[in-house]
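Please look over the sequence and the coordinates below before reading on. The paragraphs that follow take up a loop residue, then a helix, and then a pocket.

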Amino acid sequence: MPLIFVLYPLQKLPFIPSTKADRHTYCNEIFQLQVTGLKQRLTAIGGANAVIGISGGLDSTLALLVAVEAVRQLGRDASTVYGITLPCFGTSDRTYRNAWDLMKKLGITSKEISIKNAVTQHFLDIGHDPENRNTTYQNGQARERTQILMDYSSTVNGIVVGTGDLSELALGWCTYNGDHMSMYGVNGTVPKTLIRWIIEAVSDLPTFEPAKAVLMDVLDTPISPELLPPDAQGKIAQKTEDLVGPYALHDFFIYYAIGYGYTPTKIFAMACRAFEQDFDRETVKKWLVSFYRRFF
């Protein structure tokens with residue numbers, strides 16, 4: 001008899017359940033784990049408040065939802081969550097508007113602190129030409145934001161709630177002494193591809209009903225660090241996946257490299273099959289090499 005080889009099915013997004021019902025249950029469970037962790041932290045350090053930098057992007061949106069639900073379950077008002085939007089050179093109209101709409105609709109204490117003047121002065125101090133849009137230009141903004149959040153939190157008996165997710169941390173896609181730091185990072189074990197599904201799942205909770213329309217627009221916004229100026233039309237010019245690679249691929253690599261300890265050769269073969277309708281073999285190889293380089 002001829003041998004028959006059957007290939008077992010592979011999910012492109014292994015962190016995400018394939019059916020809507022399972023996905024909804026899974027995402028709500030993860031969200032409640034995030035909420036429970038933050039509740040315990042706030043309680044353990046004497047009823048501190050949560051301070052979050054709100055960008056209008058996916059990660060800070062989920063962190064904000066976690067914080068609002070945590071204080072609600074603690075019997076405290078949403079105003080004990082402090083949201084700060086920190087616009088600078090790369091802030092787009094869309095994310096700026098969504099950041100403010102979210103804070104208002106959720107009833108938190110909101111504040112705007114533009115960092116343009118502070119960063120410009122910093123560039124003068126260190127002799128950096130602001131027309132040079134290198135990592136100094138970008139990291140200076142991230143570090144200024146973190147400094148403000150850290151210092152402001154101490155004025156309101158707060159802790160800085162971190163927004164960075166598992167995928168960013170695995171890739172080192174964060175600024176040292178900048179957005180990689182916080183007092184408690186609620187998204188640290190949540191991969192990027194799962195963030196949007198958690199937001200979508202919990203947007204139906206009564207607490208978040210007033211912000212549902214804004215949340216849907218956040219889900220539709222391109223992923224970007226917004227550290228470079230918008231284009232001529234005011235739209236996001238710096239898209240993360242153009243720079244660091246598709247998060248769908250990276251989360252696939254993370255799932256099998258870290259979760260199962262598979263070799264790069266095996267992961268490459270699996271990814272080529274899982275994403276055969278999306279990426280050619282050279283593209284998969286390019287981002288797999290990038291993943292291992294960045295991770296190690």
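Is Asn157 buried, exposed or partly exposed? In this predicted model, Asn157 has a relative accessible area of 46%, and because buried means under 20% and exposed over 50%, Asn157 counts as partly exposed. The residue sits in the loop between α5 (135–155) and β4 (158–162), and the phi of Asn157 is near 55°, a positive value in a residue other than glycine. Most residues other than glycine have a negative phi. Asn177, which lies in the loop between α6 and β5 (184–185), likewise is not a glycine and has a positive phi of about 60°, and with a relative accessibility of 39% Asn177 is also partly exposed.

Helix α12, which runs over residues 281–295, spans 21 Å from its first C-alpha to its last, close to the 21 Å expected for its 15 residues. At the start of this helix, a side-chain oxygen of Asp280 comes to within 3.3 Å of the backbone nitrogen of Glu282. Among the buried residues of α12 are Val284, Trp287, Leu288 and Phe291. An α-helix has 3.6 residues a turn, so residues three or four places apart point the same way. The cover over the buried residues of α12 includes α6 (166–171), α9 (240–244), α10 and α11 (264–274).

The second largest pocket has a volume of about 240 Å³ and is lined by 14 residues, with Leu58, Arg196, Leu219, Ile223 and Glu241 lying nearest its centre. Helices α7 (192–202) and α10 (247–257) each give two or more residues to this lining, and the largest share, four residues, comes from α7. By class, the lining of the second largest pocket consists of nine nonpolar, two polar and three charged residues.

How values were computed. Residues numbered from 1 in each chain as written. Predicted model: local features only at pLDDT ≥ 70, side-chain atom pairs only at ≥ 80, totals over all residues. Heavy atoms only, no water. 1 Å grid on protein atoms, 1.4 Å probe; cavity = no way out; pocket = protein on both sides within 12 Å on 5 of 7 lines; lining within 4 Å. Points joined across faces, edges and corners; volume = space filled by probe spheres on them. Nonpolar A, V, L, I, M, F, W, Y, C, P; charged D, E, K, R; others polar. Expected span 1.5 Å × (residues − 1). Buried < 20%, exposed > 50% of the residue type's maximum accessible area, 1.4 Å probe, protein only. Contact = heavy atoms within 4.5 Å. Polar contact = N/O pair within 3.5 Å; in protein donor to acceptor, adjacent residues only side chain to side chain.
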